[in-house]
Amino acid sequence: MKNISVSVYNHSEDLPEMEYKNFFHSKSLFRIYEMTAGYFPHMIVVKSETNGVLCHLLAVIRRRGAWFPPYLYTQCRIYGEGDYSENISNKHELFYAMLIKLTRIMSFRCLYIEISDMSEKMYGYKWLKRCGYFPIRWMEIHNSLHSKSPKELLSDRKIIRHVNSGIRNGVTASTVESEEDFNQFYKMTKAFYKMRLRRFCPPASFFSALLDDKEDAKLIVTKYKKKIIGSCAIVFSEGNAYLWYAAYRSKSFPMQHPNTMTLWNALNYAYEHNYSHLFFMDVGLPFHNSIIKDMILGFGGKPVSTNRWFRCSIPWINNILSWLWRE
């Protein structure tokens, strides 16, 4: 494309003046990543000589590792296709310009790139394929809250029974305000994600920064007799709520149904604060038998099949993976 420049910024104080609409590509999230150990944010910005900033995309490199089993690698993560100025007619071409820059930089800095939560299943399909990315079918679920309450949306008798039982037993929800609640929130969330193979829990400083961001995020805990049995982190963007992280102690408190009540409390919070939808992020692969997927659908959510895009920086491995996941 003519008369445009594509730049990359690694420090929030260097970011140019521009409009931020999408939380996942915002300056506030950039700063949260910047303050979190093991995270390295990159803002890709497209400018034109006449119209200034046209669009931007936030990508973050995150370092992952463990002592057992021993491993250490870096991954690049992007949520969505970026943030665009009003009245942009050539979004796909601008996305391609950002994608070329992103791929060139990240190929030398991380093991693989993962792009999820695109606004449309086929968004940027041609450009992503051209840059060597391959799609994997993924499941997304969201609840529409603008016309019906969470209670009206409940569709599964088992979920209804668990919700009513939890309410009768005195299970409550509250936002994290005290240091004690935050410490319990993080301790439980970290323990929950420790046993998940693909998912992982960010450091405490990440959730602490979310806690401080009163406008864009909330940490919510589910309690039974003053004990935290569930936790979730919700972020807000463009009139919608996104359930980013959720954890629960189902084995310790089976009769209180912490998993059901944690998701129920997230839905109620989004509804009571007038958000149009609650999106359940990272539901997973669209397997026919999935406990978490079936439970979320029991709340009356709408399932959507989408693509999640990957690109490995080692060419021959990327070729094999592309072949294995060919359509």
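Does Cys 131 count as buried or exposed, and at what relative accessibility? At 13% relative accessibility, Cys 131 counts as buried (under 20% relative accessible area; exposed is over 50%, partly exposed in between; 1.4 Å probe, protein chains only).

## Basis

This is a predicted model: local features need pLDDT of at least 70, side-chain atom pairs count only at pLDDT 80 or more, and totals for chains, interfaces and linings use all residues. Residues are numbered from 1 along each chain as its sequence is written, and side-chain values use heavy atoms, without hydrogens and water.

## Cysteines

The disulfide count is 0 (a disulfide is a pair of cysteine sulfur atoms within 2.5 Å). For Cys 131, the nearest cysteine sulfur is that of Cys 76, 13 Å away. Cys 232 is in no disulfide either; the sulfur of Cys 201 is nearest, at 13 Å. Cys 232 is buried, at 2% relative accessibility.

## Nonpolar cores

The largest nonpolar core has 74 residues (buried Ala, Val, Leu, Ile, Met, Phe, Trp, Tyr and Cys joined through side-chain atoms within 4.5 Å). Phe 207, Leu 210 and Trp 244 touch the most other members. Strand S11 (residues 240–248) gives this core its largest share, 8 residues (strands are DSSP runs of E, at least two residues; helices are runs of H or I, at least four; both are numbered from the N terminus).

Apart from this core lies another, of 28 residues, including Ala 59 and Leu 128.

## Helix contact

Helix H5 (residues 157–168) meets helix H8 (residues 258–272). Their contact (heavy atoms within 4.5 Å) involves Ile 159, His 162, Val 163, Gly 166 and Ile 167 of H5, and Thr 260, Met 261 and Trp 264 of H8.

Conventions
Axes fitted to C-alpha atoms, helices over the stretch in contact; angles between N-to-C directions.
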